[in-house]
Amino acid sequence: VRLVESGGGLVQAGGSLRLSCVASGSTFSIKGMGWYRQAPGMERELVAAITSGGGSTNYADDVKGRFTISRDNVKNTMYLQMNSLKPEDTAVYYCYVTLAPCTPYSGCSRWGQGTQVTVSS
């Protein structure tokens, strides 16, 4: 499975961005999906996650009410709608998926290459 993110960029505080993560390859094996972010000098942290059918989501406390995660399993695409952006949202955003079935050899998860989001004050 290969993941490619897009949609990052520079936006003013209060603005919006929509990130996309397109999966290719053995997409039938994709189960949970999520977005993580990593700011300079900080650890990577979970932003939002969504179950395989899209019926359940969870969010980091500081993005609740501002960000919305969704997925389109027909298009093999996951989205992150980010509204009311703040300078502290500035980070590289990564797409993440869990896979099943999987083996220790094939790996049970994948990461995208990341997309930069910069929010100016």
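Predicted model: local features only at pLDDT ≥ 70, side-chain atom pairs only at ≥ 80, totals over all residues.
Me: How many disulfides turn up in the whole structure?
Reply: A search of the whole structure gives 2.

Me: Which cysteine is C21 joined to?
Reply: C21 is joined to C95. The S to S distance is 2.0 Å.

Me: And where do those two cysteines sit?
Reply: C21 is in strand β3, and C95 is in strand β9, residues 91-99. The pair therefore ties together parts that are 74 residues apart in sequence.

Me: Left-handed or right-handed, that C21 and C95 link?
Reply: Left-handed, with -70° about the S-S bond.

Me: Is C21 buried or exposed?
Reply: Buried. The relative accessible area of C21 is 0%, and the cut-off for buried is under 20%.

Me: Why is the disulfide of C102 and C108 called right-handed?
Reply: Because the torsion about its S-S bond is about 85°.

Me: How accessible are C102 and C108?
Reply: C102 is partly exposed, with a relative accessible area of 28%. C108 is also partly exposed, at 38%.

Me: So what's the pairing in sequence order?
Reply: Number the bonded cysteines of the protein chain in sequence order, and the pairing reads 1-2, 3-4.

Me: Switching to S29. Where is it?
Reply: S29 is in the loop between β3 (17-24) and β4 (30-38).

Me: Buried or exposed, S29?
Reply: S29 is buried, with a relative accessible area of 6%.

Me: What is S29 in contact with, leaving aside neighbours within four places in sequence?
Reply: V1, T98, L99, A100 and P101.

Me: Next, Y96. Which strand is that in?
Reply: Y96 is in strand β9. C95 lies in that strand as well.

Me: What does Y96 contact, again leaving aside neighbours within four places in sequence?
Reply: L3, G32, M33, G34, Y36, S109, R110 and W111.

Me: Last one. How many residues apart in sequence are Y96 and G25, and what about in space?
Reply: Y96 and G25 are 71 residues apart in sequence. In space they are 15 Å apart, C-alpha to C-alpha.

Key. Residues numbered from 1 in each chain as written. Heavy atoms only, no water. Helix = DSSP H or I, 4+ residues; strand = E, 2+ residues; numbered from the N terminus. Buried < 20%, exposed > 50% of the residue type's maximum accessible area, 1.4 Å probe, protein only. Contact = heavy atoms within 4.5 Å. Disulfide = S-S within 2.5 Å.
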